Amino acid sequence: MICSRGEFLIVRADKVLDNAAMRLDVAPVPFYEGRNFFECPTLPLGIIHTEHSRDYPVHRHDFTELVIVYSGSGVHITANGEVPIALGDLFVIPPRREHGYVKNRDLCYVNVIFDAASLLDDPP
């Protein structure tokens, strides 16, 4: 099942397809790599304070994201639907999961980002 949500498409299936594969007139979903966010390559972990008063477009990344909302409100969108978020909410976004934020009203949160596989590896 394909649902249209503004300028992006969500595919509800076992496998999420890239937008470019579905429609040529839709830009691909941005993909962010952890190596561009982690300050230390041997410790793939970062903390980012984020504030949104506008929509934040759908994107995906190769790291896990723990989101802690400490102010404001908004709507978190994924292939599974839309979930209102507000002060006190905490949720995890797995790697490669398309998601974004809409209807933000002074939404403030902390992202704890990490590469779970690398953190769980036994040291040499």
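Helices, taken as runs of at least four residues, and strands, taken as runs of at least two, are DSSP runs numbered from the N terminus. Counted in this way, the secondary structure of the protein, which is seen here as a predicted model, comes to two helices and nine strands. Read from the N terminus on, these elements follow the order β-β-α-β-β-β-β-β-β-β-α. The protein has 124 residues, and 37% of them count as buried.

**The second largest pocket**

The second largest pocket holds about 210 Å³ of space. It is lined by 14 residues, of which Phe37, Tyr56, His59, Glu65 and Asn111 are the closest to its centre. Two or more lining residues are given by each of strand 4 (45-52), strand 5 (56-61) and strand 9 (99-114), and the largest share, four residues, comes from strand 9. By residue class, the lining of this pocket divides into eight nonpolar, five polar and one charged.

**Surface contacts**

A search of the whole structure finds one salt bridge. The partners are arginine 35 and glutamate 33, whose closest N and O atoms are 2.5 Å apart. Arginine 35 is exposed, with a relative accessible area of 65%, whereas glutamate 33, at 26%, counts as partly exposed.

A nonpolar patch on the surface is formed by Leu43, Leu45, Leu119 and Leu120, which together have about 380 Å² of accessible area. Leucine 43, one of these residues, lies in the loop between strand 3 (31-32) and strand 4.

**Residues with positive phi**

Most residues other than glycine have a negative phi. Arginine 96 has a positive phi, near 65°, and lysine 103 likewise has a positive value, near 55°. Arginine 96 is found in the loop between strand 8 (90-93) and strand 9, while lysine 103 has its place in strand 9 itself, the strand that also gives four residues to the lining of the second largest pocket. The relative accessible areas of both are set out below.

| Residue | Phi | Relative accessible area |
|---|---|---|
| Arginine 96 | near 65° | 51%, exposed |
| Lysine 103 | near 55° | 56%, exposed |

Since exposed means over 50% relative accessible area, arginine 96 at 51% counts as exposed, and lysine 103 at 56% counts as exposed too.

Technical notes:
Residues numbered from 1 in each chain as written. Predicted model: local features only at pLDDT ≥ 70, side-chain atom pairs only at ≥ 80, totals over all residues. Heavy atoms only, no water. 1 Å grid on protein atoms, 1.4 Å probe; cavity = no way out; pocket = protein on both sides within 12 Å on 5 of 7 lines; lining within 4 Å. Points joined across faces, edges and corners; volume = space filled by probe spheres on them. Nonpolar A, V, L, I, M, F, W, Y, C, P; charged D, E, K, R; others polar. Salt bridge = Lys/Arg side-chain N within 4 Å of Asp/Glu carboxyl O. Buried < 20%, exposed > 50% of the residue type's maximum accessible area, 1.4 Å probe, protein only. Patch = residues over 30% accessible without salt bridge, like charges linked within 9 Å, V, L, I, M, F, W, Y side chains within 5 Å. Areas by Shrake-Rupley, 256 points an atom, 1.4 Å probe, with all protein chains shown as cover.
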